[in-house]
There are 2 protein chains.
Amino acid sequence: MAQQHREMTGTDTAGALLAAHLNAQATEFLRSLRLHRESTTDAQGAEESLEAARALRRAARRIGATLHTFRPLLDPEWASSLRPELAWLSGTLAQEHAYATRLDRLLESLHRLSGQPTVPVPAVGNRAAGRHGWAQPPVQSTETETSAPRGLTVGAAKAAALLERQLTLAKTRAHSTALQAFGSSRFHAVADNVAVLASEVPLTSTSEDLKPLAAQAESDLTEAVSALPLGQAGHPYNAGALVHGLASDTAPDAQDAPWLKVRSLLRLHRYAEEVLLGHATLEPRIADASHALNVHREAAAAAAAAAQAARTPRIAPATAYALGVLHADQRHEVEAARFAFQQAWLHEAVSTR
Amino acid sequence: MAQQHREMTGTDTAGALLAAHLNAQATEFLRSLRLHRESTTDAQGAEESLEAARALRRAARRIGATLHTFRPLLDPEWASSLRPELAWLSGTLAQEHAYATRLDRLLESLHRLSGQPTVPVPAVGNRAAGRHGWAQPPVQSTETETSAPRGLTVGAAKAAALLERQLTLAKTRAHSTALQAFGSSRFHAVADNVAVLASEVPLTSTSEDLKPLAAQAESDLTEAVSALPLGQAGHPYNAGALVHGLASDTAPDAQDAPWLKVRSLLRLHRYAEEVLLGHATLEPRIADASHALNVHREAAAAAAAAAQAARTPRIAPATAYALGVLHADQRHEVEAARFAFQQAWLHEAVSTR
């Protein structure tokens with residue numbers, strides 16, 4: 001069927017390229033979904049399950065981005081209804097992994113701040129598997145509390161235990177939510193729609209050129225980047241990211257928003273390029289810029305988690321102090337990520353001139 | 001008498017230069033001491049008193065450094081006994097000012113971290129005068145506590161009040177210690193020795209050249225700089241200064257020691273250059289490097305003060321959290337100062353090649 005479709009639009013490069021890309025991504029989506037179902041029924045399949053979920057999210061993001069960027073070629077109603085559903089799906093699936101990554105990042109930072117380069121491997125084996133896997137939901141073991149303090153000062157150890165408790169709970173909830181999502185009729189509707197894409201892409205116009213649409217995605221990105229305070233970001237140790245470190249909660253969010261927006265637009269640009277080029281090779285500079293914005297997002301979320309944990313009632317002052325140091329450390333990672341982005345972006349702008 | 005001495009050694013450049021410099025600095029020392037005595041008896045003389053104390057310390061540092069660097073030309077026993085006494089004097093006089101600067105730095109940082117660029121001027125006028133002046137010892141007023149919270153969150157305000165209380169107490173003690181020092185027989189012995197220098201420099205050898213001795217001071221500096229981790233420091237956001245942010249107390253001290261040593265040696269080098277050139281003009285790069293090392297020292301001391309305040313028993317978690325953020329912020333200023341030093345130093349090395 002996909003083959004037939006490609007033959008039908010064989011002479012039309014724009015439509016064919018778009019359809020081929022959506023076919024391929026939809027096929028990848030369905031393959032990952034099947035793998036994921038198989039691995040979750042297998043008790044040893046934690047790693048495969050994780051990998052399948054990642055591939056599923058990756059395909060969902062690419063389909064959603066393609067529906068958005070090249071919407072003039074597609075059935076508008078169908079595309080605009082599917083896209084938020086794909087975003088919901090990949091967002092829901094991302095949560096558990098995000099909490100696990102955040103906890104890893106915070107524990108690593110606590111150990112680094114204590115002069116210990118690496119997080120000691122916990123004595124209990126179920127933590128690592130429980131953190132990364134899908135098949136084995138994490139057990140809220142009392143072991144996690146006793147494993148954290150090793151080699152840390154009292155405050156850092158208590159902060160580690162508190163963060164581990166809070167983020168493990170959040171991760172467990174995200175795991176349940178993801179499992180519920182997989183069983184929901186909403187998910188089945190998304191999967192059905194993607195199955196359609198794997199065979200027949202609902203093109204409305206096949207004559208429109210893809211390049212101006214991809215160029216639009218790029219110019220949206222460029223415009224958003226030009227709104228960033230890159231001058232400040234390029235000056236090392238500007239202390240900009242911690243300016244609201246002791247202000248109300250919403251202040252860093254407002255400061256981070258333009259960077260998160262650029263991160264989304266950079267993804268749209270990358271995925272549009274993939275459609276045009278037919279493969280996923282990435283310019284090193286774009287890869288660096290993407291990486292910096294991913295670190296920005298993770299560090300900002302980790303800093304917020306540390307600040308949130310510090311508002312837990314009845315914690316010891318030593319714990320709160322460690323969380324304060326941790327928060328500031330992560331906000332400095334945010335600042336460092338902005339610097340890295342500025343360096344990567346400037347590098348690109350200079351070399352393409 | 002000084003004039004006579006200069007005539008006696010007029011043909012001998014090395015001895016004459018050294019004697020002229022020590023004469024001038026000793027005269028400045030005695031002038032500052034007289035000014036300081038006059039201003040402390042005058043209730044309105046806080047600013048003059050402060051300026052006089054600064055000039056006194058400046059002269060004491062230069063005399064001490066000159067005695068050290070050019071010791072082969074001087075009566076060794078006399079020079080080696082006077083130098084630690086000058087260090088004691090300038091150290092004692094520096095304390096009150098150092099506590100005031102530290103408090104200013106920490107309060108400014110707390111306001112910056114709360115998204116407020118400047119520290120609001122307190123309603124009570126005695127704080128500013130009390131902080132900077134010598135003539136008016138600071139009053140531990142309850143006003144200082146109520147003036148701090150303005151515009152800050154609860155944690156930041158409590159941290160500000162705690163730091164203000166602790167550092168004001170330390171400053172008051174330093175003030176008393178300095179006053180006691182001025183009245184001590186130990187101080188009078190130093191002043192008597194400096195008075196000798198103002199008229200007759202006890203030269204033992206007048207034939208020795210000053211340049212190799214100044215060159216030795218420079219090579220000591222270069223050697224100490226080469227022991228610094230400049231490679232790391234030149235990489236922005238290396239997070240090196242906070243590596244022991246949550247470890248035991250002594251860890252940052254060990255990390256900071258080589259930088260403080262370079263700061264001392266850079267001073268010796270600068271003062272030796274002043275003797276050779278006969279004036280105090282400073283290469284911009286050396287000025288930048290000196291400034292960076294001064295910031296390094298102040299930020300490290302401020303970070304330690306924040307960590308120390310966080311160990312106060314029975315403080316609120318919000319206070320401890322704010323102090324943790326503050327500590328990390330100041331350690332990042334330490335890291336930024338290392339970066340600034342590396343930039344200044346590298347700049348110099350490249351341009352003098």
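Which side chain meets that of Arg31(B) in a salt bridge, and what is the N to O distance?

Author: That would be Glu28(B): its side chain and that of Arg31(B) meet in a salt bridge, 3.0 Å from N to O. By salt bridge I mean a side-chain nitrogen of Lys or Arg within 4 Å of a carboxyl oxygen of Asp or Glu. Before going on, some housekeeping: this is a predicted model, where local features need pLDDT of at least 70 and side-chain atom pairs count only at pLDDT 80 or more, while totals for chains, interfaces and linings use all residues. Residues are numbered from 1 along each chain as its sequence is written, chains are lettered from A and ligands numbered from 1 in the order in which they are written, and side-chain values use heavy atoms, with hydrogens and water left out.

Back to your pair. Arg31(B) and Glu28(B) both sit in helix 2 (residues 13–41) of chain B, three residues apart, or about one turn of the helix. Helices here are DSSP runs (H or I, at least four residues; strands are E, at least two), numbered from the N terminus. The cut-offs, with a 1.4 Å probe and protein chains only, are under 20% relative accessible area for buried, over 50% for exposed, and partly exposed in between.

Next, a pairing that turns up in each chain. In chain B, Arg285(B) and Glu283(B) meet in a salt bridge at 3.6 Å, N to O. Arg285(B) counts as partly exposed at 25%, and so does Glu283(B) at 39%. In chain A, Arg285(A) forms a salt bridge with Glu283(A), with the closest N and O atoms 3.7 Å apart. Arg285(A) is partly exposed at 25% relative accessibility, and Glu283(A) is partly exposed at 38%. Some salt bridges share partners, too: Arg105(A), Arg112(A), Asp329(A) and Glu333(A) are joined that way into one network. Over all chains, the whole structure has 22 salt bridges.

Glu298(A), in helix 12 of chain A, is in contact with Thr101(A) and Arg105(A), leaving aside neighbours within four places in sequence. Contact means heavy atoms within 4.5 Å. Glu298(A) and Arg105(A) are 193 residues apart in sequence, yet 8.4 Å apart in space, C-alpha to C-alpha. Glu298(A) is partly exposed, with a relative accessible area of 36%.

Now for a charged residue without a partner. Side chains of opposite charge can pair when their charged atoms come close. Glu335(A), in helix 13 of chain A, is buried yet has no salt bridge; the nearest side chain of opposite charge, Arg338(A), is 6.8 Å away. For that search, Lys and Arg count as positive and Asp and Glu as negative, with His and the chain ends not counted. What Glu335(A) does have is a side-chain polar contact with the side chain of Tyr237(B), at 2.6 Å. A polar contact is a pair of N or O atoms within 3.5 Å; within protein, one must be able to donate a hydrogen and the other to accept it, and residues adjacent in sequence count only if both atoms are side-chain atoms. Besides Tyr237(B), Glu335(A) touches residues of chain A, including Tyr237(A) and Asn238(A).

That takes us to where the chains meet. Here 36 residues of chain A are in contact with 36 residues of chain B. Across this interface there are zero salt bridges, but eight residue pairs are in polar contact, both at pLDDT 80 or more. Helix 13 of chain A gives the largest share of the side that touches chain B, 14 residues. By class, that side has 22 nonpolar, 11 polar and three charged residues. (Ala, Val, Leu, Ile, Met, Phe, Trp, Tyr, Cys and Pro count as nonpolar, Asp, Glu, Lys and Arg as charged, and the others, Gly among them, as polar.)
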